[in-house]
Each structure stands twice: as C-alpha cells, then as structure tokens.
Amino acid sequence: MIVSIAGLVALSGLATAHGDHGQSQLAGPHQGLWYNTLPGDGGTQADSVFSGISTFGRLPYYPCLASDAEKYDIAFLGAPFDTGTSYRPGARFGPSGIRQGSRRLNLYGGYNVPLQANPFTSDMRILDCGDVPVTSYDNAWAIRQIEEGHNSILMRKPYLDANKPGLSRAGKTLPRIITLGGDHTITLPLLRSINKAYGPVTVIHFDSHLDSWKPKVFGGSPSEVAAINHGTYFYHAAMEGLLRNDTNIHAGIRTTLSGPSDYDNDGYCGFEIVEAREIDVIGTDGIIKKIRDRVGTDNPVYLSIDIDTLDPAFAPATGTPETGGWSTRELRTIIRGLDGLNFIGADIVEVAPAYDTNAELSTMAAADVLYEVLTIMVKKGPLSVGEESHEL
Ligand SMILES: [Mn+2]
C-alpha cells in the first residue's frame, strides 16, 4: 500500500513536470477536445481516438441539452434505455458501445468510396450531443425524457440554411438527429418528437422483428406501462397517427409469429414486409428497389435500424438475436442503395455490448452502418427547399 501511494505521488510529480514544458495544443479537428488542456505531451492522433467521447474519432462533443450555443446540421444523441426489453437487457450501454466501435473508422480519412463522398469534410456541421439522461426505474418517465430531449435538440436552427424554408410543419429547415439506442422502445418517443416537427412520417424499418405486435400478443400487457415495449412501439405509433399511411416498410424480417394474423395486423399498421430470405432470390438490388418503390424519393423518411437485422454471426450483441440474417456487407450495400432519399432522422438500436465478442463485432457493425447513413445525409445537404427568406 505504501509503495503504491509512493508511486502515485511520483506519477503526479511527473505530470506536473510535463505541464511545465509549455506544450502547445493540437491543431486540427481534435483541437477542442478536453485533454488538450491537460498537462502532458499534447497527444497524438493514435491517442486521441481512444479517449473520451470521440465519435468516429473526430466529431466534436457538445452538451446540447445543457446549452444551445453550438449550432449543428447533424447531431448524434444517445438514449441509454433498455427496460423495454423482452429477452437480453443491456442496450443502455449501446450509445457508449457504438461510439467505441466507431473510433477507428476514419483513422485514414473517412472517404466513402462507393458513395463517393467524405461526410467529415463537408460544410455541414456534425457533432455528438452526448446522451439524454434516462431513468432506469420508470419507463413512462424515461419515454418522456427521450421525447423531450430529442425534441429539444431537433427544434433548433441548423448551422447551414437556418433561414431557408424547409420540410417541417412550420416550413423551417431543421437539423437531423441520429439517435444511438437503447432498446427499440425508444423509437416511439422519437417518432412522437418527429411528429411534432414534421407530422406523420414514412418509416423504413430494418429489423428481424415486426415490432407492431398488439400489446396483448407481445408481453401480455399487464399494465399501461408494460404495453409499451420493444415489440409493440410501432403498434402504438400507428394508433397515435405518427406513421404516414401505407408508405412504411420493414426489411430483414425473419421472426416467428404468434400466428399469421400478426402479418395482417402489421399491414393494418401501414407496413409492407421484405423478408430476410428474399435476398436469396432478388439480391440486394431487388431489396433496394422494393424499398425505394414503397417510400418514394420526395417523401420525408425516418430510418430505424435494429442491429438484429444482421445475422448473429456479424452482430451477436443484441437483445433478441435471430439467425438467418443478412451479412454486414449486404446491409451496408442495401443502405447505400437508399442514397438520395430524404432522411429527416434515424436511429440504431438494440446494441447490447455485454454480449459482444472481444473483437467488438456488433458495435463496429453498428458504427459502420451509421457511417453509410451519415454519408447519405451529408450528400443530400440541408433539407431546405426554395430560396432563403430574409427575416431573421
Ligand atoms: Mn428486433
């Protein structure tokens, strides 16, 4: 004990000595990171991506819920909620896990070869707003926290095109939020927030499960709070009028059912279904065509991605794994096939890092899928329409 205390004293002495050298701060994208102000040798690129909140290794972190001083066009937001899970809990650690899985992605620059764009070097301002504070003791309260936190970040003037008309209900251009879940229950409060901003919206839903189950079918619905969970949130979204009629689509479905009527109920909720196994017949091109034909290219679209779309071989760390899914390459190809669509927001959910391999397969897959989504959003540019108005 005495030895280790002596060691600590010696270490703190060393840190002070380093601080006296007057090192200059890093230049470039890491300049704003907190550790640049600490005594030491100033850090290197290799050090910097392994410290603190450093989504994709280089996005600035800003506590947007505490202050609206910083403007952005695209913001990442964590929703660490997992008390709506039916099988494996743990997705509350999804946001930090996905950030960790994202760190390596642009060590070499971040240029997306197939999409021919670099999302990190455009004029658009992209940052990580950290997490919404979410209670793990009261689902009804947590769902409100997620809706209000998301809506606070969403209803702000963006960095670019702030005064140009946009797609929102009020005719404004809004920033786009990419939410890191969290179990899939979070999509209900996210769609409530989106509805306040845009009205009913078209949803593209990648998942092995329908998630439109009636509460009596999924979980038995012993109480009003229990009726809202990660298998029923689309049923509630449809009943609340948050979804645009008959324009929504699931992709990657391969779940077992309570019976064939689950599909009838799903159609009633406004969804078409692309089964995972269809890829064997129509390929990724056929699946992309089905999705694009269903949602159209002008429609505002919300994108929700359950990591269990992937086969557990590629993403084992998830709440309700289903074998027979797509590979990471196939899912990334299908998502890139949605280039040009009007994504007004997105989420990726059900990443539960405790079940991952030591190689971080699932968190890495989640981050890489988001990289495709981010690139598509950046290529599209701000969601403004028409000419700038001069009122400020
Ligand atoms: Mn699922």
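Me: Which residues of helix α9 (residues 328-336) are buried, and what makes a residue "buried" here?

Reply: In α9 they are Thr328, Glu330, Leu331, Ile334 and Ile335. A residue is called buried if 20 or more other C-beta atoms lie within 10 Å of its own, exposed if 12 or fewer do, and partly exposed in between, with C-beta atoms placed from the backbone. Helices (H or I, at least four residues) and strands (E, at least two) are DSSP runs, numbered from the N terminus. Bear in mind that this is a predicted model: local features need pLDDT of at least 70, side-chain atom pairs count only at pLDDT 80 or more, and totals for chains, interfaces and linings use all residues. Residues are numbered from 1 along each chain as its sequence is written.

Me: Why is Arg294 called partly exposed?

Reply: Arg294, a residue of helix α8, has 18 C-beta neighbours inside 10 Å, so it falls in the partly exposed class. Leaving out residues up to four places away in sequence, Arg294 touches Thr247, Ile249 and Glu272.

Me: And what makes Asp211 and Asp161 worth a look?

Reply: Each has a positive phi without being a glycine: near 60° for Asp211, about 60° for Asp161. Asp211 is in the loop between β4 (202-206) and α6 (233-239), and Asp161 is in the loop between α4 (139-154) and β3. Asp211 has 29 other C-beta atoms within 10 Å, so it is buried. Asp161 has 19 C-beta neighbours inside 10 Å, so it counts as partly exposed.

Me: What makes β2 (126-131) and β6 (271-275) edge strands?

Reply: The open sheet has 8 strands, in the order β2-β1-β3-β8-β7-β4-β5-β6, with parallel pairing. Two strands pair if DSSP finds at least two bridges between them. β2 and β6 each have a single partner strand, so one side of each is left without a neighbour in the sheet.

Me: What makes the largest nonpolar core a "core", and which residues have the most contacts inside it?

Reply: The name is used for a set of buried Ala, Val, Leu, Ile, Met, Phe, Trp, Tyr and Cys residues joined through C-beta atoms within 7 Å. The largest has 96 residues, and Ala75, Ile348 and Val373 have the most contacts inside it. Its largest share, 12 residues, comes from helix α10 (residues 361-380).

Me: How do you know how much confidence the predictor has in the chain?

Reply: From pLDDT, the predictor's confidence in each residue, on a scale from 0 to 100. The chain has a mean of 89, with 85% of its residues at 70 or more. Over residues 1-22, though, pLDDT stays under 50, and residues 38-48 also stay under 50.

Key:
Two residues are in contact if their C-beta atoms, placed from the backbone, lie within 7 Å.
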